[in-house]
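Colleague: I would like to go through this model with you, packing before pairing. Please end each reply on the item I asked for.

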Amino acid sequence: MEKRKISITECADTISESLKKGVFLTTKAGDKVNSMVIGWGHIGRIWERPVFITYVRDCRYTYEMLEKNPEFTVNVPISKPDRNAFMICGTKSGREMDKMNGSGLPAKEAGQSMTFAEAEVTLVCRKLFAQELKT
């Protein structure tokens with residue numbers, strides 16, 4: 001599938017709707033790639049920049065990887081999401097398995113992170129701010 005650069009406002013509604021079913025947050029640190037399923041996020045503007053805000057607990061493998069490489073992708077499969085990929089990336093830990101190979105998602109580079117062909121929309125993001133959430 002041919003990718004083209006779009007404005008985040010062009011796809012904001014699509015991403016918001018897809019979050020209800022789940023999307024993939026993918027990270028890469030060194031030669032390791034990890035993808036987790038998220039159903040939470042916010043699209044907007046901060047400091048005149050388009051942003052996607054998400055939350056990753058510090059106990060997650062994805063958190064460790066984001067500490068090593070602050071760039072990540074939000075991958076939105078719209079037409080027919082792969083249930084097996086959602087099951088593996090949503091229930092398994094990247095510490096214990098290579099989820100990209102196990103899920104059958106063919107990874108390809110996107111900036112300093114990774115995406116996959118099944119994602120019709122991919123946001124290439126960089127961590128701008130992090131703060132511990134207190135309960």
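Colleague: Leaving aside its neighbours within four places in sequence, which residues is Phe52 in contact with?

Modeller: This is a predicted model, in which local features need pLDDT of at least 70, side-chain atom pairs count only at pLDDT 80 or more, and totals for chains, interfaces and linings use all residues. Residues are numbered from 1 along each chain as its sequence is written, and side-chain values use heavy atoms, with hydrogens and water left out. Contact means heavy atoms within 4.5 Å. With neighbours within four places in sequence set aside, the contacts of Phe52 are Ile15, Leu19, Ile38, Trp40, Gly41, His42, Ile43, Val74, Leu123 and Cys125.

Colleague: Why do the buried residues of helix 1 lie on the same side, and what arc do they cover?

Modeller: The buried residues of helix 1 are Ile8, Cys11, Ala12, Ile15, Ser18 and Leu19. They lie on the same side of helix 1 because the arc they cover around the axis, taken from the directions from the axis to the C-beta atoms, is only 145°. Glu10 and Asp13, on the other side, are exposed.

Colleague: In what order do the four strands of the open sheet come?

Modeller: Two strands pair if DSSP finds at least two bridges between them. Strand 1 and strand 2 run antiparallel and are joined by seven bridges, while strand 1 and strand 5 pair in the antiparallel sense over four. Strand 2 and strand 8 are the edge strands, each pairing on one side only. The order is 2-1-5-8.

Colleague: The side chain of which residue makes a polar contact with the side chain of Ser35?

Modeller: Ser35 lies in strand 2 and counts as buried because its relative accessibility is 0%. Its bridge partner is Thr26, which also stands opposite Thr73 in strand 5. A polar contact is a pair of N or O atoms within 3.5 Å; within protein, one must be able to donate a hydrogen and the other to accept it, and residues adjacent in sequence count only if both atoms are side-chain atoms. At 2.9 Å, the side chain in polar contact with that of Ser35 belongs to Thr26.

Colleague: Which residue takes a positive phi in the hairpin of strand 6 and strand 7?

Modeller: Strand 6 (residues 107–110) and strand 7 pair in the antiparallel sense over four bridges, and Glu109 has Met114 as its bridge partner in strand 7. Both faces of strand 7 (residues 113–116) are covered, with Ser113 and Thr115 buried on one side and Met114 and Phe116 on the other. The hairpin has two residues between the strands, and the residue with a positive phi, near 65°, is Gly111.

Technical notes: Buried < 20%, exposed > 50% of the residue type's maximum accessible area, 1.4 Å probe, protein only.
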